[in-house]
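Dear colleague,

Please find below the structure that I promised to hand over. My notes on what was found in it follow directly after.

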Amino acid sequence: MTQPLLEMRNIVKSFSGVRALNGVSIKLTGGEVLSICGENGSGKSTLMKVLSGVWPFGSYEGDIFFEGQPVKASGIRDTEALGIVIIHQELALVKDMSILENIFLGNELGGFTQLNDEEMYRTTRDLLKQVKLDVSPNTLIRELGVGQQQLVEIAKALNKNVKLLILDEPTSSLTRNEIHILLDIVQGLKAQGIACIYISHKLDEVLALSNWVAVIRDGDHIGTKSATELTQNDIIGMMVGRELEELFPREEHDIGDVVLQVTHAQAMQAGASVPQVNDVSFTLRRGEILGIAGLIGSGRTELMQCIYGCYDGRYSASIEMEGKPLKIRSQREALASGIAMVPEDRKRHGIVPIMGVGKNISLSVLRDYITSFGGINLGSIDESRESQEIIDYISRLKVKTASPELPIKNLSGGNQQKAIIAKCLLTNPKILILDEPTRGIDVGAKYEIYKLMHALVKEGVSIIMVSSELPEVIGISDRVLVMHEGSLKGEFDHQGLTQEMIMNCAIKEGV
Amino acid sequence: MFKAIKTSQLQLLAMIAAMLIIIVFFSVATEGAFISPRNISNLIRQTAIVGVLAIGMVFVIISAEIDLSVGSMMGLLGGVAAILDVWLHLPIALTILITVCAGLVLGLFNGWWIAYQRVPSFIVTLAGMLAFRGILVGLTDGATVAPTSSDLSIIGQSYIPSGWGISVIGVLCLGLVAQVYSRRKARVNHGLENTKAKFEYTKAFIVVAVLLGLLVSLENYRGIPTPILVMGGLILLATYIAKRTAFGRRVYAIGGNIEAARMSGVNVEWNKMWIFGFNGMMVAIAALILTSRLGAGSPSAGNMAELDAIAACVIGGTSLAGGIGTVFGAIMGALIMASLDNGMSMLDVPTFWQLIVKGSILLLAVWLDVKTKKTNK
């Protein structure tokens, strides 16, 4: 057997007494792909932080060897010099700089006084071609979608002399098309002898891509197996320690009258020439889960923003709720009319990180707890009623938290998401909009969220779910709308619907 | 043991420790003069103005904004109060009312530009810092407005009759202990874990002991100074607003993540404007105390006071990134700054040294804060 490129032996890492990694060992040869699977919070990211030098040598136990040499990194710079590049789940791009500037950030070409702009431009253009991103190197990152930004990150890594590329959930925010490009790129790297560690919740990708699959659960190394020996269910079984009967519980819904009717929704950024939402009309019925599919940038999120009153450009839409016309100009008005939304970007729009879980949950309904004291409104919160409701919802939605007072940033993504859903439910919505509800969430929590969606619908709530994960769209929705470049392109019933049908509709020009 | 102590508690302990070190150091250096009843009375009267400013400022900083106009605004409002009193001979109640309303209006004016017009608060209040001072000099023609009436002097210079003082402190102490008790009981009712009873009651009793000690000391001199009573009332009010009201909760949410607050239906603009409105009222009260103490409205009054207020908040653990901070911390910060001023003046430390020491303390406090947060992660 050839010498492995990377070997990590018995890595143990503790945070203030709690073991996050409990003796994990992995091995990898050049040109191979190793996938690491595990629920969120299982220790995958910690392992990668140890490997990439975020946690410096000495802060963990165990040994790391790279190309046969022991690694004693004191920071990311050391491991990058070795050729280990990590692309994080959270993108590390400077939004107000161009693609070119980001790619060369920290290792600009040229002398101290004069940058070699031409050379950098050429290189960037070639790199962008390699990742099939058809934009100018001078485009600002801010102007790109999340998926495109991810591709820039990969281009940035390719620009470094990479021997081992670590991708931490690279596809969680990509559309299918972009995922294909990414997987192609990784295959290409493999052929060049570059090794890759791939962390993903998307097991089909994992199996398609990897030579080896390592599973970590609660910091323990459950096992590493050849990908050819495994099925998705095997991996899930190893990850959760139990077999999930089915990923998408299908339940029949009792669908009622039209609750929401949106006609001629139109949205355009100031100064743009192409509308992001172009004359979209649709209806939503009581007790229905309406799935909205489409590529990233097809206007799905923007359409939801029009309904929730938070689109940041010019927009118009005539909205009727239960037959009555509705004017929504702000999030407050949306909530007041019974529309709640779980936003796509959890960190940015969903949580107040340093506030407690409970305070996050009650944030939308503080008004309801205000008590008047002897007829005078002092604006004070009835804390006993507040904590009672918070505790009820935490247990109802199975939010796993040590205490309602724990800052919400300490929770895993899945539990944060459940807390945000709890916040929405407290407003007593008739319509719940979920934008990418299961992004970056582990399998167990996903399942619980699906169950919850079914339960809500049974109570008469109507749900609009925007999702890039086609199995989820098909598995959960009653009806699916497909958007393409701002317009509504198709409508499907869930019965007999396949991923290919949606993709064809979402990608192809014309009908 | 350290694991059990939360970062916020650690910060509190550090602040108390710093305060103790300062007290002990100056007491030894001045051979006890520092803790004489007369000096303690002086010291906490000196704290009053910056303390009141810090109460307003802490809300501004928690919401991730800044207010640089506070010093000039205090000067202007103090000048307005002096003009109302000296030139127009208005009754004291009306002077107070008009000054506080003027403070509210100026604060809301700042807040409107920041919240609704989206001009960064640094710029809006920098503009205010210049313009308010300009208005003050224009109004007074650059001259001092004096002497103020004896009524106005009450706010800054008088003392509370001892019977009143003792009963106020007594009620406060009882209220505090009762509050800790009822809070613990409510938490138990909701099945929430309580911090150790010993810890919480010890904390409460230490506060009670400090209050009583202060009372004895002040009564030994001339009684509780009126401005301190005003500040105490404002501390209670502001703590109540921060901890118990929906407004306070929203201030923290806005500072913690403004986008998430907006998505949750919080009226971000309205709340922001009123944070500055509240701050303006605090500035007005500080201005009244200042004018009353000086017995005059001076065109240079309150110069650079905004920096003292910001420093007090920051030393008191308020995060300039927003979302973190307490009224109590800000007051402690103000007290630490005032103690340094007072102690160094008693030791005849040259002014330039005083500035250097204060600057260093500010840097050190924030550095320590950053350090402890990092290791606690």
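How many bridges join strand β3 (residues 33-37) of chain A to strand β8 (residues 195-199) of chain A? There are four, and the two strands run parallel; strands here are DSSP runs of E with at least two residues, and helices are runs of H or I with at least four, numbered from the N terminus. Within this pair, A:S35 stands opposite A:Y198 of β8(A).

Please keep in mind that this is a predicted model, in which local features need pLDDT of at least 70 and side-chain atom pairs count only at pLDDT 80 or more, while totals for chains, interfaces and linings use all residues. Residues are numbered from 1 along each chain as its sequence is written, and chains are lettered from A, with ligands numbered from 1, in the order in which they are written.

Both strands belong to an open sheet of six strands with mixed pairing, ordered β6-β7-β8-β3-β9-β10 in chain A, where two strands pair if DSSP finds at least two bridges between them. The edge strands, β6 (84-87) and β10 (220-226) of chain A, each pair on one side only.

Helix α6 (residues 176-191) of chain A packs on this sheet, touching β3, β7 and β8 of chain A, with contact meaning that C-beta atoms, placed from the backbone, lie within 7 Å.

In chain B, the 28 residues of helix α7 (residues 162-189) should span 40 Å at 1.5 Å a residue, and the end C-alpha atoms are 40 Å apart, which agrees; the expected span is 1.5 Å times one less than the number of residues. Just after α7(B), B:G191 takes a positive phi of about 70°.

Key
Two residues are in contact if their C-beta atoms, placed from the backbone, lie within 7 Å. Axes are lines fitted to C-alpha atoms, for helices over the stretch in contact, and angles run from 0 to 180 degrees between N-to-C directions.
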